[in-house]
Amino acid sequence: MDQSELIEKVAKELGISNTLSQRLLRATLREIRDLLRVGHAVTIPHLGTFDTATYEEHRGYRPASHNFAIFPKRRVPVFRTGTLLREDVYDIESEEGAPT
Amino acid sequence: MSDDNKIALHSFAALVARRAKVSSVEADAYIHQFAKTMGEELETGGDIHLYRFGRFHTTHVDEQTGHDPNSGAPLTIPEHSRVHFHPYSALRFAVNAPFRQLRIKELTPDKTEWRTRTGAWILLVLLVLLLIVLGIRAKNWISTQDASVVPPEMSSDKAVVAHTDQTPDTGAPATVPAAPVEPETTPMAIAAATGVIVSPGDTLWAIAATRLGDPYWWPVIYAENRPELSRRNPDLIDSGITLRIPALAGSVNSPNVADLRLKTNGYQMVADDYRKIGNPRAAEYEKVAARWSKE
């Protein structure tokens, strides 16, 4: 699904204009980005959690140079699927417990 | 991963509302609907592409056996789909901002890494251009120096440098414009002879090169002026005297018989004088004279 399709779909569901929906989507994404930038985690119900993970400096294989290299410390955005979405997507009964 | 950095949903909704300039209730409703729509799309197995943010997609995982981490009992994990989030570079760079200046360090440094730098190539080209310009300058400078001082020795066996002395008493101060006609030289050559005044630094080699066109013809000049040269040494001429330049019937490039005879005589004379003063070059000049006289 494209971003414009998502905007139209949400706008139709909520009964708001596409422009407002686009503005809200953009604001949401930018807010998530800015919160991740300062190190916060954002949990969106029924969807999941946007978080950051920090990798320490480590040694690893670098395919570009066909050699091992020291990779610097870095922080990456991660997304953990929420339990409710997991149950939906995994299509299993909730009492069994979702697989990790 | 810790709990203290989490943002409550209502504060997140308030932030979104302030950014989008709508009420916080609207923003809250929007976030819920947004999550619900995305969840529905992911349930059907679709991809969601969010511009400059990231891409959500699902993969299918087959049924597999595992272990219950608490009891250790074997467990069969049913087949399911898994949601993945792939952040785009705008989001990755924003999140990695505090460590942006860090670079990957190669364990074995790459010595060809400079080739990928444009600045290194520009510097290299400038250096080469500078060297070329300096080389042209140096070449011009050397050629102008050569014209005034000493010609390069073309071959070791025949190169003769005549040194000029600064003693004015031995050198004849008066010019000799009307030279006595040598009986052995051709009258035509003498008639067209022109004089050249030797200045300090001049050599017979250089004079022959400039006046006759070939430095190897210098023994001709020596032979012509030998009566006036009191030193009887082909390597030494005095400054201030006037040397007569014999006019050749042909040219140095295409000499005729008389010119070759002049040259042979000159070489023979130089060889004799060298032998008298004990110069080892005499043998070489003798050889050359003998070769031409045979021809």
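**Where chain A meets chain B**

Tutor: Start with one pair: A:Val42 stands opposite B:Ile7 in S1(B). The strands here are S1 of chain A, residues 41-44, and S1(B); they pair in the parallel sense over two bridges. Pairing takes at least two bridges found by DSSP between the two strands. The elements themselves are DSSP runs, numbered from the N terminus: helices are H or I runs of at least four residues, strands are E runs of at least two.

A word on the model. It is predicted, so local features need pLDDT of at least 70 and side-chain atom pairs count only at pLDDT 80 or more, while totals for chains, interfaces and linings use all residues. Residues are numbered from 1 along each chain as its sequence is written, and chains are lettered from A and ligands numbered from 1 in the order in which they are written.

Now widen the view to the whole contact. In chain B, 57 residues are in contact with 53 residues of chain A. Contact means that the C-beta atoms of two residues, placed from the backbone, lie within 7 Å. Several elements of chain B each give at least two residues to this side: strands S1 (6-7), S2 (48-50), S6 (80-87) and S7 (105-106), and helices H1 (9-20), H2 (24-43) and H3 (89-95). H2(B) gives the largest share, 15 residues. By kind, the side of chain B that touches chain A has 34 nonpolar, twelve polar and eleven charged residues. Nonpolar covers Ala, Val, Leu, Ile, Met, Phe, Trp, Tyr, Cys and Pro; charged covers Asp, Glu, Lys and Arg; the others, Gly among them, are polar.

Follow H2(B) across to chain A. There it meets helix H2 of chain A, residues 18-37: the axes come within 11 Å and cross at roughly 80 degrees. Each axis is a line fitted to C-alpha atoms, for helices over the stretch in contact, and angles run from 0 to 180 degrees between N-to-C directions. H2(A) and H2(B) are therefore roughly perpendicular. That label covers 65 to 115 degrees; under 35 is roughly parallel, over 145 roughly antiparallel, and the rest oblique. From H2(A) come A:Leu24, A:Leu25 and A:Thr28; from H2(B) come B:Ala27, B:Tyr30, B:Ile31 and B:Phe34. Six residues of this contact are nonpolar, one is polar and none is charged.

H2(B) has a helix partner in its own chain too. The axes of H1(B) and H2(B) come within 8 Å and cross at roughly 110 degrees. H1(B) is therefore roughly perpendicular to H2(B). Their crossing is right-handed. H1(B) brings B:Ala13, B:Ala14, B:Val16, B:Ala17 and B:Ala20, and H2(B) brings B:Ser24, B:Glu26, B:Ala27, B:Asp28 and B:Ile31. Seven of these residues are nonpolar, one is polar and two are charged.

H2(B) also lies across S2, S3 and S6 of chain B, at about 40 degrees to S3(B). These strands form an open sheet of three, in the order S2-S3-S6, with antiparallel pairing. S2 and S6 of chain B are at the edges with a single partner strand each, so one side of each has no neighbour in the sheet. From one strand to the next, the twist averages 25 degrees. S3 of chain B, residues 54-61, is joined to S6(B) by eight bridges. One residue facing S6(B) is B:Thr59, opposite B:Arg82.

Last, return to chain A. A:His46 sits in the loop between S1 and strand S2 (48-55) of chain A. Its phi is near 65 degrees, a positive value in a residue other than glycine. A:His46 counts as partly exposed because it has 17 C-beta neighbours inside 10 Å. The cut-offs count other C-beta atoms within 10 Å, all placed from the backbone: 20 or more is buried, 12 or fewer is exposed, and in between is partly exposed. Chain A as a whole has 100 residues, and buried residues make up 28% of them. Three helices and five strands make up its elements.

Conventions: A crossing is left-handed if the near helix is turned anticlockwise from the far one by less than a right angle, and right-handed if clockwise.
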